Amino acid sequence: MIRRNPNGDMPQIHPGAYVDNTAIICGKVIIEDNVYVGPYAVIRADETNEEGDMDPIIIRANSNIQDGVVIHSKDGGLVDIGECTSIAHRSIIHGPCKIGNRVFIGFNSVIFNCEIGDGCAVRHNAVIDGCDLPAGFYVPSTMQLSKGSCLDKVPRVKASESEFSEQVITANHELVKGYKALSNEF
């Protein structure tokens with residue numbers, strides 16, 4: 001379902017993107033080329049700040065938002081998801097936040113009020129709340145990082161994690177092609 005928010009903002013979805021018909025895309029959302037948005041994802045840009053303004057939610061080219069992901073923002077803060085980034089099943093991305101290019105966010109993870117640098121990998125069930133990660137960090141499953149967390153014990157991404165992230169991107173590019181081809185049959 002593609003719909004306006006109470007301010008009247010309508011999502012802008014590139015024709016080369018694929019959005020499953022069970023997904024809800026609401027308001028000031030920008031979805032760029034070759035993005036895959038899976039079943040039951042909710043991307044909702046409808047809250048405003050005290051002045052009645054809001055920044056957009058941007059999903060940059062070649063990224064994928066998988067099944068059941070929720071993306072929203074407090075007080076209309078910016079959510080910017082970089083190119084070739086994967087947000088895995090049932091994750092919550094709550095702005096304001098910025099996620100860099102070639103980032104992998106694992107299943108059921110919660111990302112809130114932070115910046116995640118390029119090439120980071122966040123494994124399943126991790127929580128990052130108010131803690132910025134520089135490029136190339138690897139957050140193991142179930143790790144919780146918050147404002148003031150010491151990053152000295154957070155490992156760096158290894159080649160095997162980067163390869164896995166690339167495989168997920170490739171698989172989702174194929175899904176965009178496949179589902180777009182199916183939609184042309186009707």
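The model is predicted. Its largest nonpolar core has 39 residues, and the structure holds six salt bridges. Helix 1 covers residues 159-183.

**Nonpolar core**
- Within the largest nonpolar core, the residues with the most contacts are Ile31, Val37, Ile65, Ile71 and Ile128.
- Two or more residues of this core come from each of strand 5 (29-31), strand 7 (42-45), strand 8 (57-59), strand 11 (79-81), strand 13 (92-99) and strand 15 (110-116).
- Beyond four places in sequence, isoleucine 65 is in contact with Tyr36, Val37, Gly38, Ala41, Ile43, Ile59, Ile71, Ile81 and Ile87.

**Helix 1**
- The 25 residues of helix 1 should span 36 Å at 1.5 Å a residue, and this agrees with its end C-alpha atoms, which are 36 Å apart.
- Buried residues in helix 1 are Glu161, Ser165, Val168, Ile169, Asn172, His173 and Val176.
- An α-helix has 3.6 residues a turn, so residues three or four places apart point the same way.
- The cover over the buried residues of helix 1 includes strand 3 (18-19), strand 6 (36-37), strand 9 (64-65), strand 12 (86-87), strand 14 (104-105) and strand 18 (138-139).

**Salt bridges**
- Arginine 60 pairs with glutamate 32, with the closest N and O atoms 3.2 Å apart; the two lie 28 residues apart, arginine 60 in the loop between strand 8 and strand 9 and glutamate 32 in the loop between strand 5 and strand 6.
- Arginine 60 is partly exposed at 26% relative accessibility, and glutamate 32 is partly exposed at 23%.
- A network of salt bridges links Glu32, Arg60 and Asp80.
- Arginine 44 and aspartate 46 form a salt bridge with an N to O distance of 2.8 Å; arginine 44 has a relative accessible area of 31% and is therefore partly exposed.
- Lysine 74 and aspartate 75 form a salt bridge, their closest N and O atoms being 2.8 Å apart.
- Lysine 74 is partly exposed at 42% relative accessible area, and aspartate 75 is partly exposed at 39%.

- Isoleucine 24 belongs to strand 4 (residues 24-27) and counts as partly exposed, with 25% relative accessibility.
- Ile2, Met10 and Ile13 make a nonpolar surface patch of about 220 Å².
- Isoleucine 13 is in strand 2 (residues 12-13) and is partly exposed, at 31% relative accessible area.

Technical notes: Residues numbered from 1 in each chain as written. Predicted model: local features only at pLDDT ≥ 70, side-chain atom pairs only at ≥ 80, totals over all residues. Heavy atoms only, no water. Patch = residues over 30% accessible without salt bridge, like charges linked within 9 Å, V, L, I, M, F, W, Y side chains within 5 Å. Areas by Shrake-Rupley, 256 points an atom, 1.4 Å probe, with all protein chains shown as cover. Salt bridge = Lys/Arg side-chain N within 4 Å of Asp/Glu carboxyl O. Helix = DSSP H or I, 4+ residues; strand = E, 2+ residues; numbered from the N terminus. Buried < 20%, exposed > 50% of the residue type's maximum accessible area, 1.4 Å probe, protein only. Core = buried A, V, L, I, M, F, W, Y, C linked by side-chain atoms within 4.5 Å. Contact = heavy atoms within 4.5 Å. Expected span 1.5 Å × (residues − 1).
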